[in-house]
Amino acid sequence: MPDISDPVDKAAAARTPAVDRDAVEAFKARLRTHMTRTVGKGEITATDRDWYNVTAHTVRDLIVEGWMDSNRDAYKQDAKRVYYLSLEFLIGRSLIKNLLNTGAYSLAEQALEELGHPLHRIAQQEPEAALGNGGLGRLAACFMDSMATVGIPGYGYGIRYHFGMFAQLIDDDGQQVEMPENWLRFGDVWEFARPEFQFPVKFFGQVIEFNDEKGRKRRQWTDTEEVLAQAYDLPIAGFNRRTVNNLRLWVARSSQAFDLKQFSRGDYIEAVRHQSESESLTRVLYPDDSTFLGRLLRLKQEYFFVSASLQDILRRFFNAHEDLAALPDKVAIQLNDTHPAIGVAELMRMLIDVYQLEWDAAWDITVRTFSYTNHTLLPEALESWPLHMFESMLPRHLEIIYEINHRFLQEVRRRHPGDNDLVRRVSMIGEDGERQVRMAHLAFVGSHRVNGVSAVHTELMKSGIFADLHEMFPDRIVNMTNGITPRRWLNQCNPDLSTLIGDRIGGDWVTDLAALRDLEGLADDAGFQADYAAVKQANKVRLAEFIRTKLDLVVDPQSMFDVQIKRIHEYKRQLLNLLHVIGHYNRLRANPQMEAAPRTVIFAGKAAPGYHVARQIVRLINAVADVVNHDPAIGDRLKVVFLPNYNVSLAELVIPAADLSQQISTAGTEASGTGNMKLALNGALTIGTRDGANIEIAEEVGEENIFFFGLSADEANRMRFHGPYDPWVHYHGDPDLRLVLDMIAGGYFHPHEPYCFAPIFDLLTAHGDRYLLLADYADYVACQARVDATFRDRAAWLRRAILNTARMGKFSSDRTVLDYARDIWGVSPIQPTAG
């Protein structure tokens, strides 16, 4: 059989049909072998799912070969490894990504076509991996792809959620309904179960003091409950398989055997009670934390995966090293937000209680090993836990946090004698109201670097939420502007544009996004503009057909596709977008001859189950859509679409089709955003505030190629926190806005339950309009008018779109992880060696 371990590379981004005949036959032979030996079927009875499984197993074989090589190289070179701890890894589907990254896409496409099973149909059988929800998880997935592509040896650590967060349905009343996301119903072809790696994770119990053999006082955590963490591995292949890294996910198993005695007595529920309680730990991402039990489960999840990961990291370290003093030289642990922040206390516990290091040595190792990424500027989003809950579940860790805090506050008092208010603000124990353990403070003090994810976010960290800690550690905060992987967010999701770019400037951009700058010279080229427009239009037709099929709604692909796709939250201001939609609807009705581009406004995103306001926003969007879309006076001039169950696969469909990208969060609230980068890379123009990475995108693409509006972060913060701000002034002073709000409050969009949206009216008026929607409304409407005028000038719009694509090179996650490697982790790419 001819060797296909190194199939023809996918030149540039094009899916080249001309491939080696022998290689195609070899690929078909491998498919058939897996059909017989892995699936256990013949071709006559095989289903599309079976063909998906054998295709995935075939490409997995290619990846595993590189995986073994990467592991060997890392051990041979005694490389320092990066361990990325994240509660989410939103990896999406893997088949097409892995075919592209291994260079086997064309082989698979042709082989399957000849076998009568087109790849595009087979790929739809893959379930979406429900391992994350939003930008936090997608960033982690981009980083895993980039670390493997640039050659940084790394592990991701997270949880193998059985049901993810939830599958979102919309009922007949427009309300969100949460259903289990059973993505593992048929198993996961890509994963490897590792039952040999099971680590005990303890909860509750008590702490006792004793004297060791040298007479030193020691503390021991005892009388605990125990759950086992079992590893499952997902190999993550970089482009051209330069490096294959590992995503290790933990699943909870019972530490107690099935109770046969109880079962024999007929008490079947009690016989499996412990197993059921243990395994529930990893069933769902982000359990509803509006209840005590929900918060308890979430804290248990966080400690569970952190404890198992640290045990595994130290196990691997001891395979090659003996002296724990060398740990920071061989291990870099990145905390992706505060969810894994308990790792600081857990590593200290292990170093002191298990390995019996003295405090100062243990603390030095811990700080030099950890670094922490902050993802929020909202104080209420900085994770904290009620002291009584923390003390009950993790009593030894609370003792350690108390000691860390005590030593830290001693230094604060030494440097700022008498400043008790400063001590209160920087303490890891919050004393305002119910006493809380502040996880962000723990992560900050316990890490040698703390990074923001955009330039403005980093500066606001220094002057805002971490101002006091920044004064204590002036060199600790650094900026690492986020990035996205061009392999998925252009090469994979927009194949026609990738092919067009490859035909014009070659394929170096797939691993060097800055090479897209060569497109700048084509921005005014009429021929290239026509080709670029044709690609966009084909993507819009594809999305329009999806909308027709899924929602029974016809939209015009010639209209402007105005897109806001992200988690539903007040600060992201889907409501501001909707206020404009209603105002635009009113203007169209009042003036049928008004000159305006037809517009299709597309929303997608999930609302957290316990977040009532966000759920009401989803309901209002659907209510407005129902009225607008059925108004014969409007026709195709305005349509409103809510696409349910937003995930990576849906994003891959929407982003290439978008004309306008809504990035309209209240200035000073969005840390970075990555959806803005994906949309701009694919030629959508941004309408946004000067928030997050929008500012840096404008610096790269040019202010003239983006639509800014609204308050600055400084202005917004002054208004929000220092006032005075009276939303009623805007309500009474703007007749257009007043009509919009009165329609929401008065039942225009839900006459059968006329006051169901009155709380939204109150939120924006009587309750203070916390996120300044009314303050920004008039400027937003004016900015949308500029958008409309530009869209009707097709040559001007296309020029701006092409320049957006051409100038997004800075926002590759390859650049981001290399910056982390140089400035935070202290690691270098490994050099592949011959086998």
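This is a predicted model: local features need pLDDT of at least 70, side-chain atom pairs count only at pLDDT 80 or more; totals for chains, interfaces and linings use all residues.
**View 1. Gln831 and its contacts.**
Helices (H or I, at least four residues) and strands (E, at least two) are DSSP runs, numbered from the N terminus. Gln831 and Ser70 are 761 residues apart in sequence, yet their C-alpha atoms are 9.3 Å apart in space. Setting aside residues up to four places away in sequence, Gln831 touches Asp73, Gln77 and Arg242. Contact here means heavy atoms within 4.5 Å.

**View 2. His339 in its loop.**
Look for His339 in the loop between strand E10 (331-336) and H12. His339 is buried, with a relative accessible area of 7%. The words work like this: buried is under 20% relative accessible area, exposed is over 50%, and partly exposed is in between (1.4 Å probe, protein chains only). Lys606 is 267 residues from His339 along the chain, and the two C-alpha atoms are separated by 20 Å.

Strands of a sheet pair through backbone hydrogen bonds, either parallel or antiparallel. Here six strands make an open sheet in the order E19-E18-E17-E20-E21-E22, with parallel pairing. Strand E19 (638-643) and strand E22 (707-708) are at the edges with a single partner strand each, so one side of each has no neighbour in the sheet. Two strands count as paired if DSSP finds at least two bridges between them; E21 (residues 685-688) and E22 pair in the parallel sense over two bridges. Ile687 has Phe707, in E22, as its bridge partner.

**View 3. Helices against the sheet.**
Helix H23 (residues 574-590) packs on the sheet and touches strand E17 (560-565), strand E18 (599-604), E19 and strand E20 (660-663). The direction of H23 makes about 155° with that of E18. For these angles, axes are lines fitted to C-alpha atoms (for helices, over the stretch in contact), and the angles run from 0 to 180 degrees between N-to-C directions. H23 is mostly covered, as 14 of its 17 residues are buried. The end C-alpha atoms of H23 are 24 Å apart, which agrees with the 24 Å that its 17 residues should span at 1.5 Å a residue; the expected span is 1.5 Å times one less than the number of residues. Helix H24 (residues 612-629) lies across E18 and E19, running at about 145° to E19.

**View 4. Two cysteines with no bond.**
A disulfide is a covalent bond between the sulfur atoms of two cysteines. With the cut-off set at sulfur atoms within 2.5 Å, a search of the whole structure finds zero disulfides. For Cys142, the nearest cysteine sulfur is that of Cys493, 11 Å away, too far for a bond. Cys142 is buried at 1% relative accessible area, and Cys493 also counts as buried, at 8%.

**View 5. Charged pairs across the chain.**
Side chains of opposite charge can pair when their charged atoms come close. A salt bridge is counted when a side-chain nitrogen of Lys or Arg is within 4 Å of a carboxyl oxygen of Asp or Glu, and the count comes to 68. In one of them, Asp78 pairs with Lys330, with the closest N and O atoms 3.2 Å apart. Asp78 is in the loop between helix H2 (48-76) and strand E1 (81-85), while Lys330 is in helix H11 (residues 327-330), 252 residues apart. Asp78 is partly exposed at 32%, and Lys330 is partly exposed at 22%.

**View 6. A pair within one helix.**
Glu411 and Arg414 form a salt bridge, their closest N and O atoms being 2.6 Å apart. They are three residues apart in helix H15 (residues 395-415), which separates them by about one helical turn. Glu411 is partly exposed at 29%, whereas Arg414 is exposed at 59%.

Notes: Residues are numbered from 1 along each chain as its sequence is written. Side-chain values use heavy atoms; hydrogens and water are left out.
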